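Let us work through this model by question and answer.

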2 protein chains.
Amino acid sequence: MTQSPADLLITGCTALVHDGQEEIEFLEDASIVVRGGVIEAISDDVRGLDAVEHIDARGQVAMPGLINCHTHSPMVALRGIAEDLPAEEWFNDYIWPIESNLTEKDVELGARLACAEMIRGGVTCFADHYFSMDTVAAVTAESGLRAHLGQAFFSSQGAQGREKSLEFALRHRGGADGRITTALAPHAPYTVDDADLAATAELAREHGLPVHLHASESRDQTDNSLARHGLTPIEVLDRTGLLDTELLIAHGTGIIDRDLPVLERATGQVAVATAPRGYLKFAWDPTPVRALRGIGVPVGLATDGAASNNSLDVWESMALTSLVQKSAEGDPRWLTSRQALHHATLQSARAVGLGERIGSLARGRRADIILVDLTGPHTQPVHDLAATLVHSARSSDVRTTIVDGRVLMRNRELLTLDLPSTVRELGERLPALVDRGHGRRIQEYDT
Amino acid sequence: MTQSPADLLITGCTALVHDGQEEIEFLEDASIVVRGGVIEAISDDVRGLDAVEHIDARGQVAMPGLINCHTHSPMVALRGIAEDLPAEEWFNDYIWPIESNLTEKDVELGARLACAEMIRGGVTCFADHYFSMDTVAAVTAESGLRAHLGQAFFSSQGAQGREKSLEFALRHRGGADGRITTALAPHAPYTVDDADLAATAELAREHGLPVHLHASESRDQTDNSLARHGLTPIEVLDRTGLLDTELLIAHGTGIIDRDLPVLERATGQVAVATAPRGYLKFAWDPTPVRALRGIGVPVGLATDGAASNNSLDVWESMALTSLVQKSAEGDPRWLTSRQALHHATLQSARAVGLGERIGSLARGRRADIILVDLTGPHTQPVHDLAATLVHSARSSDVRTTIVDGRVLMRNRELLTLDLPSTVRELGERLPALVDRGHGRRIQEYDT
């Protein structure tokens, strides 16, 4: 360890780390030394080390920042607008008509509100798949968060949709001091035709870009795809070459047994993001996490947009993944708290293509760190720290959120974003945003 | 309205009230006047009214305090001690061996920690079913909470168990300035024999006491009961006369179609408490809320003990009830946010026998009120306030908790209980409490 002042020193915490077999371990009374945005050391002895900024984290757990592996951040503007509806009505009668009103300013305010919510909830990185992504990139830069961004497109936009998605991905790759990574972002196999998907796969390979899309979102989609094409959505991804790219599949609740060997051939390139709350709301099956685990496909945690999930609370996604998987598999021993924490850390980092850079508190990783306060009555006593984190703690117990060594929230106070003005400005725009009197919609949900 | 100073005046809030058909309504810019522990008025005009205590609740929602309809409060001491296990192992290998070590002091500290957690989570009343209930009653009095208490017993204790449960119920009824109500508390039909259940039913009728017990907790219990006795657990309650008492059934996830006409005959006397988190963890079915609704049986919200639920977070039980019911029924339109709020308010109040006293913000009801802050980024904007409350807000958004007009938490600060000393003292006792080396257990789980 060099002895010049570190940028940031966190002392006295219990640190969640991974051992050589990726098992979760907890280091008591640990110190974390950050320099140049990177974790330089995790140590039990930092005597004599100075730091520009020092956080005394006694009574707190330091863990890798949460990663929201699939969201549409500006949709926080539509939180609660379309409740208690099947997915078809949710899309066709509310979301897609309303999204035809969307302006750059709405996206800016929505993304800023979303970043505020995520920082407060201990999220340090989010994978966003939406429109007007230049604006989301600008808000990401402003917020201090890390993000994996893709400009969404439908085939109804013609070749221009795909070209704009590529142009965005190339222009913003490495943006925000390296915190922004990018992906090509076709919407889904039911809104992007096979030729367009195949062209996307080619562009991805040519430019070394990952692809982020919705696929096999529900069992209905799989059944409809089989009826129309004789292929499942996963088989469509295979046939169009997308499984030969670095691919992030959102949801995958409609993945069936015949998809597993197809996905297995793509192991190492493909990952799935699961957002369990919305599946319960839409009465969809859960993502088949156990089957995906069996073939080595990482499953990252996500919230989807707040218009279906009602929050961007990845902590809740972690708890729900454990609860729902136990229930779905009929097995209380499955998806333990340590497994849930593995999904929340390394598997989520891999899902967004950052498996070597974030997702673990280890020397050389980017310093994306959250500090979680366990002194509240709901988290005491602690018999099993992994269980306390997954099943007793809440996102509101995150006190400090750090990305690339920069503190974005300290003692629950947001340091980079102005929440009250964002809420006020967004509120003024809502009547125009949610108007559906025009009868337009940006797309038709018909899988 | 009398014009002498009120005890408490809450102004500027949005108040959750019920209309004549029990539909949820929200009154904007409402004021709540409290006098003598009772809501004297909910008004939009309190000009000229003085009050001893005034809370400016602009930006907050006032709603009836949450009711935890079934818990074992001292079990917070065992939070996280037995994870990822089927119910049999959870009981036989961990909980019942550990509970054989339980002392009065453990119960006192556990109950105090539980009350702190509940007050912080917006719970104003809890139904507790445990041992050493004199101690729980004393902590209830100290905490300022309202409680419905029963001294649990097994038939393995002989007639003495039942007699002690009766003695407790008679002695504490009306305690803590009327905040304590009591019940007879046989453990369950699989641990209390038919003669003992029948004797309990008789005592209940003789003394005008309600009965609170576990029954039909899982489908396995129902199947085992059918195999052994040819009767479901609900039919056992019927045969032993318990359905002729005011009866609170915890869980009921094993309630099957043939139980419905049996329960329907007891409508008005019987209620079920649902604690959905633990059912997911144990891979049990959910409580059949829709079927119970069909026959008019109220379903109150609960957490069970924290040894299975990991928290006493009734707010989470409310959200999970909505989510799990949609999923289980395969119907996104079922169990709307307004329905969830009805379960959390009037149905929960009825479940604990307090349907005329609490569960609604209305003139003449006891002033059990919580104030919920919706200014956080995760609860903005508000398109549908019921959805915001159920699906976006969290228990940590409760800022103020009031019981009988007395403020127990103000701006998240606990006013009646000393949390740090409770956690410290409990921590010192844990090694002795969790020791299982003795090989004893208080009971055998064998349904």
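**Interface and pocket**

Across the interface of chain A and chain B, eight salt bridges are found. The model is a predicted one.

Student: Which residue of chain B forms a salt bridge with Glu89(A)?
Tutor: Side chains of opposite charge can pair when their charged atoms come close. For Glu89(A), the closest N and O atoms of the pair are 2.3 Å apart. That lies within the 4 Å limit for a salt bridge. The partner is Arg333(B).

Student: Which helix gives the most to the side of chain A that touches chain B?
Tutor: Five helices of chain A each supply at least two residues to that side: α2, α9 (276-282), α12 (314-329), α14 (385-392) and α15. The top contribution is six residues. The helix is α12(A).

Student: How many residues of the side of chain A that touches chain B are nonpolar?
Tutor: Chain A brings 56 residues to the contact, and chain B brings 56 residues. On the chain A side, 16 are polar and 15 are charged. The nonpolar residues number 25.

Student: What area is buried between chain A and chain B?
Tutor: In chain A, Asp84(A), Pro377(A) and His383(A) lose the most area to chain B, together 16% of what that side buries. Over the buried area between the chains, carbon and sulfur atoms give 59%. The area is about 4500 Å².

Student: Which helix gives the most to the lining of the largest pocket?
Tutor: The largest pocket has a volume of about 950 Å³. From chain A, α2 (104-120) and α15 (419-433) each supply at least two residues of its lining, as does α2 (104-120) of chain B. The top contribution is three residues. The helix is α15(A).

Student: How many residues of the lining of the largest pocket are charged?
Tutor: The lining holds 42 residues; Ser396(A), Arg412(A), Ser396(B), Asp397(B) and Arg412(B) lie nearest the pocket centre. Eight of the lining residues are nonpolar and 18 are polar. The charged ones number 16.

Student: How many residues apart are Glu425(A) and Lys105(A)?
Tutor: Their side chains meet in a salt bridge, 3.7 Å from N to O. Glu425(A) sits in α15 and Lys105(A) in α2 of chain A, so labelled by DSSP runs. The separation is 320 residues.

Technical notes. Residues numbered from 1 in each chain as written. Chains lettered and ligands numbered in written order. Predicted model: local features only at pLDDT ≥ 70, side-chain atom pairs only at ≥ 80, totals over all residues. Heavy atoms only, no water. 1 Å grid on protein atoms, 1.4 Å probe; cavity = no way out; pocket = protein on both sides within 12 Å on 5 of 7 lines; lining within 4 Å. Points joined across faces, edges and corners; volume = space filled by probe spheres on them. Helix = DSSP H or I, 4+ residues; strand = E, 2+ residues; numbered from the N terminus. Nonpolar A, V, L, I, M, F, W, Y, C, P; charged D, E, K, R; others polar. Contact = heavy atoms within 4.5 Å. Buried area = accessible area lost by both parts, 1.4 Å probe.
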